[in-house]
Amino acid sequence: MPFDIARTRAAYPALAEGFVHFDGAGGTQTAGPVIDAVSAAMRAATGNRSAAFTPGRRSLEQVTTARAAVADLLGAEPDGVVLGPSATALTYTLARTLGAGWRPGDEVVVSRLDHDANVRPWVQAAEAAGATVRWAEFDRDTGELPAGQYADLVGERTRLVAVTAGSNAVGTVPDVAAIAKTAHAVGALVCVDGVHAVPHGPTDLASLGADFLVTSAYKWSGPHLAAMAADPARWERLRPAKLLPSSDAVPDRFEFGTPSFPLLAGVAAAVDHLAGLDPTATGTRRERLRASLAAAQAYEESLLDRLLAGLAALPGVRVLAAPARRCPTVSFRVDGLSPARTQAALGAAGCCLSAGDYYAYEYFQALGLRDSGGAVRASIYHYNTADEVDRLLTELGRLADGGGRMAG
Ligand SMILES: Cc1ncc(COP(=O)(O)O)c(C=O)c1O
């Protein structure tokens, strides 16, 4: 059955404002059921977690319901889902916790393709421990991250390999399973950044070979909250710095302070919303998520093909990278126009795109593009349409012809 784009768009109230949103990678619009769930949770009587009274039981339930939902999304166990304010915060917690056990001479492997949230926490934890950082390099033409190099990068002293499941800069989907296999062969742990990849297709913790997998709900129609999943037995062995009175149970041990209970209700609603993207999907929520995200992925890929073909036909536009397996995310530059000016000109025409390095710091640094403003990013999400792709291409065509230089 073709992806029902009209039905999908109707679920996002913000689309009524008429902007063209090509910045899902920076954060998607919020789905209506998420807004309703957050609002309902805020309207209802509330209390801190307690089994003693109804509002307190609601808060307890909002936590367990959000964990169960994220577990279905990632193929994890609910008790292995740690909830937190952002992927960055969760990765820092993990890096500090693991890093406390590293010794001089230990090694960690990070990649120059990754968002800095899956680089700097590891580099800094390694520095604090006197451990050595080794770098996986991407191919400058294709933007791919060759898995073969990891055989040379890992060794007996490797403690951790951090790698992205999808580049937020150029969309590359590395062969994480192969990289994880290489890491596991020397006993290293693998932390996978799923922030960009998870919104764009079915995800499975085990098939990725991830020991830790992080995702952010605001990249998949939900609120600004994140989660990190691992085997509960894996969390059990780790001891983060924490307050004395807070729970030592897993996964609570890794969650600090009082969470935003209404936003947790929004996380669960976002997962339910994703599971319903294909209304014909049946079975468990996990099964419906697989079917729905596969349908959304096929739809997004059709838009990506249209965008790439259109960009290739614009002589003044230079697309960065051409990875074989990719998320629907494209970075480009318009000749003679800085990325910031291109972004502003597109913004004036109602098209919302990111410009700069989008925190893919090492990627743009390695290409020598940071000083000249990085690039502009068109990031497709399942509520985008072919007409919107065409509108973006038309605007870019004008800019590439020089019209934007006058306007921008
Ligand atoms: C690939 C990737 N990783 C990590 C992050 C950081 O996520 P958060 O904002 O939840 O810390 C982002 C945010 O843009 C991202 O795109």
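Leaving aside its neighbours within four places in sequence, which residues is Arg 112 in contact with?

Modeller: Happy to, and please keep in mind that this is a predicted model. Setting aside neighbours within four places in sequence, Arg 112 is in contact with Trp 135, Ala 136, Glu 137, Phe 138, Glu 362, Tyr 363 and Ala 366. To find Arg 112 on your screen, go to the loop between strand E3 (107–111) and helix H5 (120–129). Arg 112 counts as buried because its relative accessibility is 19%, and the cut-off for buried is under 20%.

Now follow the chain on into H5. This helix is mostly covered, with seven of its 10 residues buried. Those seven are Arg 120, Pro 121, Trp 122, Val 123, Ala 125, Ala 126 and Ala 129. As for partners, the buried residues of H5 pack against helix H4 (87–99), E3, strand E4 (132–136), strand E5 (158–164), strand E6 (189–193) and H13. Just after H5 comes Gly 130, where phi is positive at about 75 degrees.

With a relative accessibility of 2%, Thr 164 counts as buried. Apart from neighbours within four places in sequence, Thr 164 is in contact with Leu 113, Asp 114, Asn 118, Pro 174, Val 176, Val 192 and Asp 193. One of these contacts deserves a zoom: the side chain of Thr 164 reaches the backbone oxygen of Asp 193 at 3.5 Å. For a sense of distance, the C-alpha atoms of Thr 164 and Gly 27 are 17 Å apart in space, while the two residues are 137 apart in sequence.

Asp 193 leads us on to the ligand. A polar side-chain atom of Asp 193 lies 2.6 Å from a nitrogen atom of the ligand. Thr 88 also has a polar side-chain atom placed 2.6 Å from the ligand, here from an oxygen atom. For Tyr 218, a polar side-chain atom lies 2.5 Å from a ligand oxygen atom. Taken alone, the ligand exposes 390 Å², and the protein buries 89% of that. There are 13 residues around the ligand, and Thr 88, Asp 193, Ser 216, Tyr 218 and Lys 219 come nearest. By type, the shell divides into five nonpolar, six polar and two charged residues.

The loop between strand E12 (354–356) and H13 holds Tyr 358. Phi of Tyr 358 is near 45 degrees, a positive value in a residue other than glycine. Tyr 358 is buried, with a relative accessible area of 10%. Ala 321 likewise has a positive phi in a residue other than glycine, near 70 degrees. You will find Ala 321 in the loop between strand E9 (317–320) and strand E10 (329–334), and it is buried at 11% relative accessible area.

Another loop to visit runs between helix H9 (232–236) and helix H10 (261–275), and Ser 260 has its place there. Ser 260 is partly exposed, with a relative accessible area of 29%. A cis peptide bond joins Val 250 and Pro 251, with omega about 10 degrees.

Finally, zoom out to the whole chain. There are 15 helices and 13 strands. A compact globule of 408 residues would have a radius of gyration near 22 Å, and the chain agrees with its 21 Å. The C-alpha trace spans about 65 × 55 × 35 Å along its principal axes. Of the 408 residues, 56% count as buried. Among contacts with a separation of 6 or more, 69% are between residues 24 or more positions apart. The chain exposes about 16300 Å², with carbon and sulfur atoms supplying 53% of it.

Technical notes
Residues are numbered from 1 along each chain as its sequence is written. This is a predicted model: local features need pLDDT of at least 70, side-chain atom pairs count only at pLDDT 80 or more; totals for chains, interfaces and linings use all residues. Side-chain values use heavy atoms; hydrogens and water are left out. A residue is near a molecule or strand if one of its heavy atoms lies within 4 Å of it. A polar contact is a pair of N or O atoms within 3.5 Å; within protein, one must be able to donate a hydrogen and the other to accept it, and residues adjacent in sequence count only if both atoms are side-chain atoms. Accessible areas come from the Shrake-Rupley method with a 1.4 Å probe; for residues, only the protein chains shown count as cover. Ala, Val, Leu, Ile, Met, Phe, Trp, Tyr, Cys and Pro count as nonpolar, Asp, Glu, Lys and Arg as charged, and the others, Gly among them, as polar. Helices (H or I, at least four residues) and strands (E, at least two) are DSSP runs, numbered from the N terminus. Buried means under 20% relative accessible area, exposed over 50%, partly exposed in between (1.4 Å probe, protein chains only). The radius of gyration is taken over C-alpha atoms; the globule rule is 2.2 Å times the number of residues to the power 0.38. Contact means heavy atoms within 4.5 Å.
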